[in-house]
Structures are given as C-alpha cells and as structure tokens.
Amino acid sequence: TLFWHGILTSAISKTRPDTMYVQNQFLRAHALDSFPNILKGISKDPAMMIWLDLQTNRKGHANENFARELMELFSMGVGNYTEEDVRESARAFTGYSLRYTGKNLNGVFNPPSYVFNPRLHDDGPKTFLGSTGNFTGDDIIDHIVATPAAATYLCTRLFAWFAYSDPEPNVLQSLTKTYFATNYSVKALVQQILTSSAFYSAKAYRSTIKSPTDLVVGSMRTLGMQTEGSLLPNMMPAMGQELLNPPNVAGWPGGTNWLNSGTWLTRLNYANQ
C-alpha cells in the first residue's frame with residue numbers, strides 16, 4: 001500500500017480527508033492486483049481526479065495533467081511516449097467527472113464519487129502509441145501496460161522497493177517475463193522478488209535506508225510495544241514523510257534523501273523516546 005501511495009500519489013493538501021481515506025482503502029485492497037486494474041481504478045479515484053484535475057477534462061478543452069503523469073510517473077517513465085501521445089490520451093479521458101451527493105444521515109458530507117459523463121467525452125478517433133481508434137481511458141491503459149516500457153518500469157520500481165536499486169539485466173528480464181506471462185500480475189512479481197536469490201543476496205542486505213514509516217512502524221513491531229498509534233504520525237513529518245501528503249506528484253524521493261542533519265536527529269530522538 002505504501003509502495004503505491006508513493007507512485008500513484010495524491011495529497012491531502014489539495015484533496016479532501018474523506019477522498020484520501022477512500023483512496024487508501026482502494027490501494028490497500030488492490031495492492032497485489034493486476035497492473036491495469038490498479039491503473040484503471042486509480043484513474044476513477046476521486047482523490048486522484050481532484051489531485052490531477054481530471055474532473056475538469058472536457059471535450060474540446062482537454063486537461064493533460066493526468067494523462068501526462070499516467071505515463072511519466074505511474075507507468076512508463078520519461079522517453080517512452082511523445083507529446084502527441086499525451087494530447088491524444090488526454091482526449092480519451094474526457095468525460096471523467098465527480099458526483100457530489102451532499103450529507104449523510106449524520107450530517108456529514110459524503111465523499112464525491114466517479115461518474116462518466118458521455119456528453120463531455122471526446123469520442124473521435126485518437127492515435128496513441130502508434131494505434132488509432134475511438135479510445136476510452138481504459139483503452140489507453142490497456143495499451144500502456146502491454147508495452148515493454150511499462151513492464152520495465154514497474155518491475156524496476158518494485159524490485160528497488162523490496163531489494164536494491166538498478167537490478168541486473170538478468171534479474172529484470174526474468175521479472176518482465178513474469179509480468180507478461182501472468183497477465184500483468186503484481187502479486188506474481190512480488191512473490192518472485194521475495195523468493196529470488198537476488199533478494200537474499202549480500203548486495204540486498206542493508207542496501208536501502210528505511211523510510212520514516214518503515215522506521216516508526218517497524219521499531220514498534222520489532223520491540224513489541226503496545227500503542228494505539230495516535231502519536232506516531234506526528235513524529236514523521238520532521239523525518240521527511242507525512243503520510244497522505246507527499247510533497248508533489250513524484251512522491252518522496254527516498255534513499256539518501258531521507259537523511260540530513262535534521263531528520264537524522266529526529267530519528268535519534270524517536271529511538272530515545
């Protein structure tokens with residue numbers, strides 16, 4: 001769930017608490033789903049739609065924010081698509097809208113929900129990644145996940161999250177093979193990573209710096225400490241990570257960026273406390 005929260009980013013600074021809760025529940029439920037299902041679900045997630053202005057995407061006035069980040073940060077990486085691909089795919093996502101239903105019986109506003117408005121959708125032909133058709137947003141995602149670039153991007157990010165950065169070509173090739181053979185299953189990729197010899201290698205041992213979440217939660221669990229957890233989130237912003245509020249659409253940079261004179265001291269104070 002934290003892996004996806006750092007890639008498919010949305011932040012409470014622009015969205016709403018209730019929509020961020022809904023998004024967290026979606027990521028928690030689908031963290032090991034197939035890649036296309038995850039991307040299709042997040043494209044219809046209210047917090048994501050607000051975060052990247054997707055609900056303002058209209059026929060004749062396409063907003064390219066979501067389409068660009070979908071390829072650049074969510075699925076393929078820079079250099080694997082063109083500006084035309086961004087423009088054409090943005091047209092495919094037109095008509096994605098939000099429905100607001102007011103308050104519930106307790107007087108609390110309901111979170112908005114996704115709704116497709118066909119009047120606002122551009123149903124004309126679009127050319128994307130070399131193919132032409134009357135593509136919808138889901139069609140665009142199906143095209144993306146079928147590319148070698150998407151396989152390489154996801155497998156590299158997953159392996160780096162669990163093991164170490166820059167996996168060897170043979171390790172990456174084996175993962176991308178599994179990606180296609182299992183119909184883009186994230187669960188299959190995670191299983192392969194966690195049971196691979198590379199994961200247990202000397203290179204992987206102590207190769208990553210714990211995120212504040214890993215440090216705070218991991219310490220509590222390792223020491224078997226009893227807590228209901230309410231104070232723990234308050235300790236993390238000074239370490240450089242505020243959950244549900246990443247700094248920008250690229251998420252937290254991680255790695256050695258977790259450590260500076262201020263965050264290091266905060267980590268020590270947390271350990272002492």
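Colleague: Why is Arg206 called exposed?
Modeller: The relative accessibility of Arg206 is 73%. Exposed means over 50%, buried under 20%, and partly exposed in between (1.4 Å probe, protein chains only). Therefore Arg206 counts as exposed. This is a predicted model, where local features need pLDDT of at least 70, side-chain atom pairs need 80 or more, and totals for chains, interfaces and linings use all residues. Residues are numbered from 1 along each chain as its sequence is written, and side-chain values use heavy atoms, without hydrogens or water.

Colleague: Where does Arg206 lie, and what is its phi?
Modeller: Arg206 sits in the loop between α10 (186–194) and α11 (212–223). Helices (H or I, at least four residues) and strands (E, at least two) are DSSP runs, numbered from the N terminus. The phi of Arg206 is positive, about 55°, and Arg206 is not a glycine. Most residues other than glycine have a negative phi.

Colleague: Why is Asn117 called buried?
Modeller: The relative accessible area of Asn117 is 19%, which means that it counts as buried. Asn117 belongs to the loop between β2 (113–116) and β3 (126–128).

Colleague: Which residues is Asn117 in contact with, leaving aside neighbours within four places in sequence?
Modeller: Gly95 and Ser97. Contact means heavy atoms within 4.5 Å. From Asn117 to Ser97 is 20 residues in sequence and 6.4 Å between C-alpha atoms.

Colleague: How do you know that Ala47 is buried?
Modeller: Ala47 has 0% relative accessibility, so it counts as buried. Ala47 is part of helix α4 (residues 46–51). Beyond its neighbours within four places in sequence, Ala47 is in contact with Ser10, Thr15, Thr19, Met20 and Gln23. Asn24 is 23 residues from Ala47 along the chain, and their C-alpha atoms are 9.8 Å apart.

Colleague: Why is helix α3 called largely enclosed?
Modeller: In α3 (residues 35–43), 7 of the 9 residues are buried, so the rest of the structure largely encloses this helix. The buried ones are Phe35, Pro36, Ile38, Leu39, Lys40, Ile42 and Ser43.

Colleague: Which residues of helix α7 are buried?
Modeller: In α7 (residues 137–145), they are Gly137, Ile140, Ile141, Ile144 and Val145. Their arc around the axis is only 125°, so they lie on the same side of α7. The arc is that of the directions from the helix axis to the C-beta atoms.

Colleague: How do you know that the radius of gyration agrees with a compact globule?
Modeller: For 273 residues, a compact globule would have a value near 19 Å; the protein has 20 Å, so the two agree. The radius is taken over C-alpha atoms, and the globule rule is 2.2 Å times the number of residues to the power 0.38. The C-alpha trace spans about 60 × 55 × 30 Å along its principal axes.

Colleague: How many helices and strands does the protein have, and what percentage of its residues are buried?
Modeller: There are 13 helices and 4 strands. Of the 273 residues, 47% are buried. Among contacts with a separation of 6 or more, 66% join residues 24 or more positions apart.
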